[in-house]
Amino acid sequence: MNHVKNQVERPAGVDVKPRHVQFDLNDIDRYWHGGDPFITHFFNGLSTLFPQGERFFIDSVRAVMDQIDNPKLQEEVKGFIAQEAIHGNEHDKYNQLLKGQGYDIDMLARHQDWWTRLGNKTMTKKQQLATTCAVEHFTAILANGMMEEPDRWLGNAPKNMQALWHWHAIEETEHKAVCFDVYNEIGGWYITRNLMMIQTTIHFSYMIARHVCHFLARDKVLWKWQTWKTGYHFLLGKGGIIRQVFRDYIDYYRSGFHPWQQDNSSLVGGWKKKFGDRYLRKKNPQPTTS
Ligand SMILES: [Fe+2]
Ligand SMILES: [Fe+2]
């Protein structure tokens, strides 16, 4: 009754394969996003959630690998794991720079780790995978928003930061349906998928708010009117990013939903043209500057 098998093919020309990248972020300013603390720390907050989150995604899909019979899906899972592992490594480096700027990255990681261990202890394998599907939907809709309106999201950021965030966005798009297809393949229930999305929405909102507030508090701008005025405009104001992605978010709750019903594959190709020369790893890498 609850089990709806939704299947939409990945568009031709979209591969789930990792890119080997090199980003040198050593020169980023404290407020690298146009000098704005809130927007900078919104992205920094996401970055500090990624490495551990991505390890959770990988573990949740690995845990059910033995139930996947479809060889094409098995290949996609391998590509997904490789992409997420590289994302985690690159964001770890990014987060070390934040640590060097005086933020308590280790405390944030310990707190996140507590939640991860609680999730591992209390959720079944299917619930953990449904949680991964939910977060993957978040990353997919944020990625789509970013690629559709790059100036709104990152127009004020230096080129190396634009390259990193857009690289992550295209790979999130390429693998956006992999965990969802695995969840369907192993007989995941629709109701569980949606309950885990509700839980994930609450938890993700809490986690990102906590991380952003830590950064703002360290900078002593948490209680400044200007901080929240900019934050409101960036997130919820006219043209705000939450407004931009809200419909795509809600779409997930439909029983017939599949991530590739929104075919945004045409947005994936631009990265290589725009950033590839400089940020794809070469055999003899040259040092890069922003
Ligand atoms: Fe990722
Ligand atoms: Fe992902």
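# Exercises on a predicted helical model

14 of the 16 residues of helix α6 are buried, so this helix is largely enclosed by the rest of the structure. Buried here means 20 or more other C-beta atoms within 10 Å of a residue's own, exposed means 12 or fewer, and partly exposed falls in between, with C-beta atoms placed from the backbone. The model is predicted: local features need pLDDT of at least 70, side-chain atom pairs count only at pLDDT 80 or more, and totals for chains, interfaces and linings use all residues. Residues are numbered from 1 along each chain as its sequence is written, while chains are lettered from A and ligands numbered from 1 in the order in which they are written.

## Exercise 1: two partners of α4

Describe how α4 packs with α7 and with α10.

Step 1. Axes are lines fitted to C-alpha atoms, for helices over the stretch in contact, and angles run from 0 to 180 degrees between N-to-C directions. The axes of α4 and α7 (residues 178–185) come within 8 Å and cross at roughly 150 degrees.

Step 2. Classify the angle: under 35 degrees is roughly parallel, over 145 roughly antiparallel, 65 to 115 roughly perpendicular, and the rest oblique. The pair α4 and α7 is therefore roughly antiparallel.

Step 3. Find the hand. A crossing is left-handed if the near helix is turned anticlockwise from the far one by less than a right angle, and right-handed if clockwise. For α4 and α7 the crossing is left-handed.

Step 4. List the contact: L129, A130, T132, C133 and E136 of α4 with C179, F180, V182 and Y183 of α7. These residues divide into seven nonpolar, one polar and one charged. Nonpolar means Ala, Val, Leu, Ile, Met, Phe, Trp, Tyr, Cys and Pro; charged means Asp, Glu, Lys and Arg; the others, Gly among them, are polar.

Step 5. Turn to α10. Helix α4 (residues 125–148) and α10 (residues 241–251) pack at about 130 degrees, with axes 9 Å apart. They are therefore oblique to each other. Their crossing is right-handed.

Step 6. I141, L142, N144 and G145 of α4 make this contact with I241, Q244, V245, D248 and Y249 of α10. Five are nonpolar, three polar and one charged.

## Exercise 2: α1 against α8

Which residues of α1 meet α8, and at what angle do the axes cross?

Step 1. The axes of α1 (residues 37–62) and α8 come within 8 Å and cross at roughly 125 degrees. The two helices are therefore oblique. The crossing is right-handed.

Step 2. On α1 the residues are P37, H41, F42, N44, G45, L46, T48 and L49. On α8 they are M207, I208, H211, V212, F215 and L216.

Step 3. Sort them: nine are nonpolar, five polar and none charged.

## Exercise 3: K220, K17 and A85

Is each of these residues buried, partly exposed or exposed?

Step 1. K220 lies in the loop between α8 (190–218) and α9. K220 has 9 other C-beta atoms within 10 Å, so K220 is exposed.

Step 2. Check the backbone. Most residues other than glycine have a negative phi. Phi of K220 is near 60 degrees, a positive value.

Step 3. K17 sits in the segment before α1. With 15 C-beta neighbours inside 10 Å, K17 is partly exposed. K17 and Q83 are 66 residues apart in sequence and 6.7 Å apart, C-alpha to C-alpha.

Step 4. A85 lies in α2 (residues 71–100). A85 has 14 other C-beta atoms within 10 Å and is partly exposed. Its C-alpha is 7.1 Å from that of E54, 31 residues away along the chain.

Conventions: Helices (H or I, at least four residues) and strands (E, at least two) are DSSP runs, numbered from the N terminus. Two residues are in contact if their C-beta atoms, placed from the backbone, lie within 7 Å.
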